[in-house]
Amino acid sequence: MGTLRILAERDVRAVLDTATALDIARRTLIDQAAGGSRLSTPSAMVLDASAVGGPKFKFKAAAVSHLGASGIRLLAHPAPTPMTTANFTAVYRHGGYEMAGLVSDHWLSRLRTAAFGAVTASALVRPGPLVVALFGTGGISAEIVPMLAHELPMTELRVTSRRAESMAAFGDAHAPALPCPMRAEPVARRATQGADLVITLTESPSPLVLPGMLVPGAVVCSMGSYNEVDFAVLAECDRFVVDDIDFAAEMGDGGAWIRQGHLTREAFAQRVDALACQVLAGDRPGRTRARERVMALVQGMAIGDVAFAAQALASAEARGLGRTIELD
């Protein structure tokens, strides 16, 4: 007889914090470079059941050896059902076949995306002090701000968004806890002027970062789902880093550039200088000179979903959190 533990959103939030998230992301990337954390083949599978009255589903699987777990992320979009009751990661512990838990990953997915972006950016930027420009004031941006403060010697954080009220509310929520000034900057070119690190976390369908915006030595880290960085910016960059070539060629800027006909999938793969995991592990350089411009596409991987879910599950078990179901 086995026991299945189910973690709701409140359980996950109770057992993970900024420092833990950054540690999980860093260890998982290093584990990936060593061949221990692996994505399924294919890395994602989609099922569209709308023609028969169902939602759209996506399934992503991975193994994470440093936590001794594998898992499957299950995503559905059956509006108006809340995301908190639709998206879970199923965790299987190595050494057996029983499912150990179901972990709600609505907030968890934002936390792991922010953590992987923050640790990747910290491995690519020049030594500080640093000026950071952040595009977007959504859920992932809210998670990445304290991570950037934890990882980087920031002297200023500039935040830009389409809506003035969003920037004001974001500043009210996060500025008091920062060790550096935060200011709202609605004009994209002014936000990036002299910035050492530019992070895009938006749903923008058209480019926000344009040619001529990045100063020598700057890093641009694109993390949105659509097209935030103009293709011509890639030509201005000396180094190109992605977390996963296949996924980066489908989602975000990489997928947009390929669909726009700027380059083929094969040319995209050839343009990549290093994977994020290789940079974190020290296998390949993120930069070779201080004045190099570096572009990183961080879309998030199933190894992150599984690693965060497995860590949350272990911590919840130790604290007696979540609901348990006996399976026979």
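Predicted model: local features only at pLDDT ≥ 70, side-chain atom pairs only at ≥ 80, totals over all residues.

Guide: Start with one side chain. Arg 93 counts as partly exposed, at 33% relative accessibility.

Visitor: Which residue does Arg 93 meet in a salt bridge?

Guide: First the rule: a salt bridge is a side-chain nitrogen of Lys or Arg within 4 Å of a carboxyl oxygen of Asp or Glu. Arg 93 pairs with Glu 317, at 2.7 Å from N to O. Helices (H or I, at least four residues) and strands (E, at least two) are DSSP runs, numbered from the N terminus. Glu 317 is partly exposed too, at 31%.

Visitor: How many salt bridges does the structure hold?

Guide: It holds 17. One of them joins Arg 183 and Glu 156, with the closest N and O atoms 2.6 Å apart. Arg 183 lies in strand 10 (residues 182–184) and Glu 156 in strand 9 (residues 154–160), so this pair ties together parts 27 residues apart in sequence. Arg 183 is partly exposed at 31%, whereas Glu 156 is buried at 17%. Another bridge links Glu 292 and Arg 289, at 3.4 Å between the closest N and O atoms. Glu 292 is buried, with a relative accessible area of 4%.

Visitor: Which residues are linked in a network of salt bridges?

Guide: Lys 60, Arg 73, Asp 105, Arg 112 and Asp 305. Keep Arg 112 and Asp 305 in mind, as both return at a helix contact.

Visitor: At what angle do helix 3 and helix 12 pack?

Guide: Axes are lines fitted to C-alpha atoms, for helices over the stretch in contact, and angles run from 0 to 180 degrees between N-to-C directions. Helix 3 (residues 106–124) and helix 12 (residues 302–319) pack at about 115°, with axes 10 Å apart. The crossing is right-handed. A crossing is right-handed if the near helix is turned clockwise from the far one by less than a right angle, and left-handed if anticlockwise.

Visitor: Which residues meet there?

Guide: Contact means heavy atoms within 4.5 Å. Helix 3 brings Leu 108, Leu 111, Arg 112, Ala 115 and Phe 116, and helix 12 brings Gly 304, Asp 305, Phe 308 and Ala 309. By class, that gives 6 nonpolar, 1 polar and 2 charged residues. Ala, Val, Leu, Ile, Met, Phe, Trp, Tyr, Cys and Pro count as nonpolar, Asp, Glu, Lys and Arg as charged, and the others, Gly among them, as polar.

Visitor: What is Ile 303 in contact with?

Guide: Ile 303 is in helix 12. It is buried, at 0%. Beyond neighbours within four places in sequence, its contacts include Thr 28, Gln 32, Ser 37, Arg 38 and Val 64. The C-alpha atoms of Ile 303 and Arg 38 are 6.6 Å apart, across 265 residues of chain.

Visitor: Where are the cis peptide bonds you can show me?

Guide: Most peptide bonds are trans. The bond from Thr 41 to Pro 42 is cis, with omega near -5°. Pro 42 sits in the loop between strand 2 (37–39) and strand 3 (45–48). Gly 128 and Pro 129 are also joined by a cis bond, with omega about 5°. Pro 129 is in the loop between helix 3 and strand 8 (130–135).

Visitor: How many disulfides does the structure hold?

Guide: A disulfide is a pair of cysteine sulfur atoms within 2.5 Å. The structure holds 0. The sulfur of Cys 180 is 18 Å from the closest cysteine sulfur, in Cys 221, too far for a bond. Cys 237 is in no disulfide either, as the nearest cysteine sulfur, that of Cys 221, is 12 Å away. Cys 180 is buried at 7%, and Cys 237 is buried at 5%.

Notes:
Residues numbered from 1 in each chain as written. Heavy atoms only, no water. Buried < 20%, exposed > 50% of the residue type's maximum accessible area, 1.4 Å probe, protein only.
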